[in-house]
Amino acid sequence: MNIIVKHSSPDAVVSDLLAIGLFEGQSVKEAGYGTLDAALGGLIEQVITAGDFEGKALKARLLYTHGDAIATRRILLVGLGKQAEFTLAVARQAAGVAAQTLADLKLRRLATVVHGLTAAGVAPASAAQTIVEGTLLGLYRFITHKREENTQRPTVDADELILLAPAAEMVSALESGAQVGQILATSANLVRDLVNESGNYVTPKVLAGQAQALTQDMGISLTVYGEEAMREMGMESFLSVSRGSAQEAQFMVLEYFPAAAGADTLVLIGKAITFDTGGISLKPNDGMWEMKCDMAGGAAVIGALRSIAQLKLPVRVVGLVCAAENMPGPDAIKPGDVVKAMNGKSVEYMSTDAEGRMVLADGLCYSARYQPAAVIDCATLTGSIVMALSSDMSGVFANDDPLFTRIQKAADAAGEPVWRMPIWKPYRERINSDVADMKGSTGTRYAGAITAALFLQEFVPENTPWAHMDIAGTAWQEDHKPYQPRGASANPMRTLVELARAWAK
Ligand code: BES
Ligand code: MN
Ligand code: ZN
């Protein structure tokens, strides 16, 4: 996608679709489109007066201009809602509405006016970043396996976005914001491709190959450990998960250590179960196909490292991706089996379907060698978090208040909502085991997300700020939303990058 920032009036811009945002109850003049509407002979004002467009959030109206009145033949009015309730999240969604209209009409070029956002007090760089994110995320489709769309795609693909700067002085800030947005959205769409892709295509080894392909020549060093190397490191907990699978587990270590970085190291850990059948504790078939998304945490970590390196952020970041396939098989781990993690703690399996925490346990132990300023793991870990928060919010468990606050701010900036959950100590006894240091899970469904977090905490390096993001609800979206087609969301990749951006300041 070619993104161009231009200081030009909307009536002069040559494009296929011109999107302009208006707040609820705003007149054309108040919105600053007086000149444009005059060129159109009052067309927009007429639509508003007739009550056909009220500026309600994300409601859109497509208008066709007459003859050569202005240079672009189609105008999309997009409602921004009540001005008092306006946030960047609304702006990102509004951009997504415009992008999807463009795609529906099979058009190539979109022009959009930044004016509404900057007039509402949004910093130009953030405004441009948000619009670009909403547009590129909104244009995403997973078409890898669709023969027809794949051959059509080059002709219908949108390839130009013009951002109209309200003032010449704003151009450079808009350009840098647009570049950030493009880096983030491009990586997020690559993450979506990985997560939407089926388990037969994305195995742990294929994921490791993708990690290599997506992060090479960016100043990231990647080391991939196979099962033999993991055995030598004592990662018996991690290894136990793939024992029933023909696919070899892979532990990926991505290190981004830029010369200009400060002293802090952030470690991001991702659960990457390329398919979760449940293992011997087999899941029911209904909805099992969706467990191809069980590597979403790992994919988000790969995408975050890629973005962070492309943005050349002056902060040290390590990505640990714990990839395995959870299958029943002749050598599969069984309920009642006991395994030992890298830190020497033993775990008695209750359900082989509680596999995510077993790979993360060793990932957390491994992170200790970096003496990290913060460790954040993200994982599609429990059905329990979906019961609590559904699909719009990720649950965040943090042992450190300032770290949670930073994550919340980053999530806000990214438009990927989070809600803090308790690491409630009294429930720790629920995973007491008669034979090992702890059980893998409780055997009841109550507070399953909390007991999972309490389990993970046993493997967190001492005195280390740590947060666990349970993204089981947010990684996969059933409902089509403005910049979210059904399927993978790439959540919380942009949150992780925003966190690193804020950390680097
Ligand atoms: N991958 C699942 C969790 C999940 C559920 C992800 C729904 C996405 C959507 C995880 O491995 C799992 O099976 N968790 C079990 C744990 C239980 C056996 C303790 C669960 O939450 O039921
Ligand atoms: Mn499972
Ligand atoms: Zn799982």
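Here is a short chat about the ligand and metal sites in this predicted model.

Colleague: What should I know about numbering and cut-offs first?

Modeller: Residues count from 1 along each chain as its sequence is written, while chains are lettered from A and ligands numbered from 1 in the order in which they are written. Local features need pLDDT of at least 70, side-chain atom pairs count only at pLDDT 80 or more, and totals for chains, interfaces and linings use all residues, with side-chain values taken on heavy atoms, leaving out hydrogens and water.

Colleague: How many residues surround ligand 1?

Modeller: Count a residue if one of its heavy atoms lies within 4 Å. Among the closest are Lys 283, Asp 294 and Gly 383. The total is 16.

Colleague: Which residue coordinates both the manganese ion (ligand 2) and the zinc ion (ligand 3)?

Modeller: Donors are N, O and S atoms within 2.8 Å of the metal (3.2 Å for Na, K and Ca), and water is not among the atoms, so sites may look incomplete. Asp 353 and Glu 355 are among the manganese donors, at 2.0 to 2.2 Å, while Lys 271 and Asp 294 are among those of zinc, at 2.0 to 2.4 Å. The two ions are 3.2 Å apart, and the residue coordinating both is Asp 276.

Colleague: Why is the arrangement around the manganese ion (ligand 2) called irregular?

Modeller: Six donors count as octahedral if opposite ones are over 155 degrees apart and all others between 65 and 115. Around zinc, the six donor atoms subtend 78 to 173°, which makes that arrangement octahedral. Around manganese, the arrangement is irregular because of its six donors' angles, 70 to 167°.

Key: Four donors count as tetrahedral if all angles lie between 85 and 135 degrees; four count as square planar and six as octahedral if opposite donors are over 155 degrees apart and all others between 65 and 115; anything else is irregular.
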